[in-house]
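Student: I would like to go through the pockets of this model and then its strand pairing. Could we begin with the terms?

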Amino acid sequence: MTRPTIIVHMSMSINGNITGPYGSVVEGEALKQAYESKHEYFDSKAMILGRKTIEEAFTATEMPELPSHPQIYSREEDYIADSDYNHYMVSLDPSGKAAWTSNYTTFRERPEMHVVEVVSETVSDAYLEHLRNLGISYIFGGENHQLDLKLVLEKLYRYFNLETVVLAGGGSINWSFFEQGLVDEVSVVIVPAVDDHYGRPQLFNNSHEDSDIKPQGFKIKHLEQLDGDIIWIHYSK
């Protein structure tokens, strides 16, 4: 194995929406508890998110002032910061737009996570210097915004010894991994609600009209009813 196992782990409505008010039909913290307990089940030390999800939940709303006269940094050399953290938030951010202000982030009651930025070679030197100044690790994932995700995963395995990584959206990022044949398992926490909000992202969002991807079959590894009539389904190949 030269890359981590990738497990898509998401909550969603019956009709597949991954954002929106569908969780309001469940009383108390049943949805949070269901999602977090199953996340712990996978014993993963890393979570991958796309930039839009990162910006919505983890970074500042505006980019801090970047260095005005940065050094020129090689696109052939990744940067792995010195860090005592052993959990990781991996941000897929090809153009370098996530407005980080710290080299770690938190989510609910999980351990603090060291930030790892995945960028393309088009990223600016000013942004790379900004990351270095904060002590944020970064790795290059390709020449442009179409990241070579297999290369990214191989680097995560090599640098951080990650054997299992949870992929938690958004839907377009999930699809990108599926499109490149890198989704090994799928875990869905299904809330007993239908959400009619138009245009909500779904579990796997293909935005390429001419995409020609054949269906991939999965097998049910585990099926369980949880509190609040929530269903957890764990699929594997």
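This is a predicted model: local features need pLDDT of at least 70, side-chain atom pairs count only at pLDDT 80 or more; totals for chains, interfaces and linings use all residues.

Student: What is the volume of the largest pocket?

Tutor: Its volume is about 1300 Å³.

Student: How many residues line the largest pocket, and which lie nearest its centre?

Tutor: The lining has 42 residues, and those nearest the centre are Gly50, Thr53, Gly169, Gly170 and Ile173. Two or more lining residues come from each of strand E1 (5-12), helix H1 (30-41), strand E2 (46-50), helix H2 (51-57) and helix H5 (171-179).

Student: Which element gives the largest share of that lining?

Tutor: Helix H5 does, with six residues.

Student: And what is the split into nonpolar, polar and charged residues in the largest pocket?

Tutor: The lining of the largest pocket comprises 18 nonpolar, 17 polar and seven charged residues.

Student: Why does the largest pocket lie between domain 1 and domain 2?

Tutor: It lies between them because domain 1 (1-45 + 167-236) and domain 2 (46-161) both give residues to its lining.

Student: Moving on, how much space lies in the second largest pocket?

Tutor: The second largest pocket holds about 230 Å³. It is lined by 13 residues, with His39, Glu40, Ser44, Arg110 and Pro111 the closest to its centre.

Student: Which elements give two or more residues to the lining of the second largest pocket?

Tutor: Those elements are H1 and E2. H1 gives the most, namely three residues.

Student: What classes of residue are found in that lining?

Tutor: In the second largest pocket there are six charged, four nonpolar and three polar lining residues.

Student: Which domains does the lining of the second largest pocket draw on?

Tutor: At least three residues come from each of domain 1 (1-45 + 167-236) and domain 2 (46-161).

Student: Now the strands. Do E1 and strand E7 run parallel or antiparallel?

Tutor: E1 and E7 (residues 164-167) run parallel and are joined by four bridges. Within this pairing, Thr5 is opposite Thr164 in E7.

Student: How many bridges pair E2 with E7?

Tutor: Two bridges pair E2 and E7, again in the parallel sense.

Student: Which residue in E7 is the bridge partner of Ile48?

Tutor: The partner of Ile48 is Leu167 in E7.

Note on methods: Residues are numbered from 1 along each chain as its sequence is written. Side-chain values use heavy atoms; hydrogens and water are left out. On a 1 Å grid over the protein atoms alone, a cavity is a set of points where a 1.4 Å probe fits but cannot get out, and a pocket is an open set with protein on both sides within 12 Å along at least five of seven lines; lining residues have an atom within 4 Å of a point. Grid points are joined across faces, edges and corners, and a volume is the space filled by probe spheres set on the points. Ala, Val, Leu, Ile, Met, Phe, Trp, Tyr, Cys and Pro count as nonpolar, Asp, Glu, Lys and Arg as charged, and the others, Gly among them, as polar. Domain bounds come from an automatic or database domain assignment. Two strands pair if DSSP finds at least two bridges between them.
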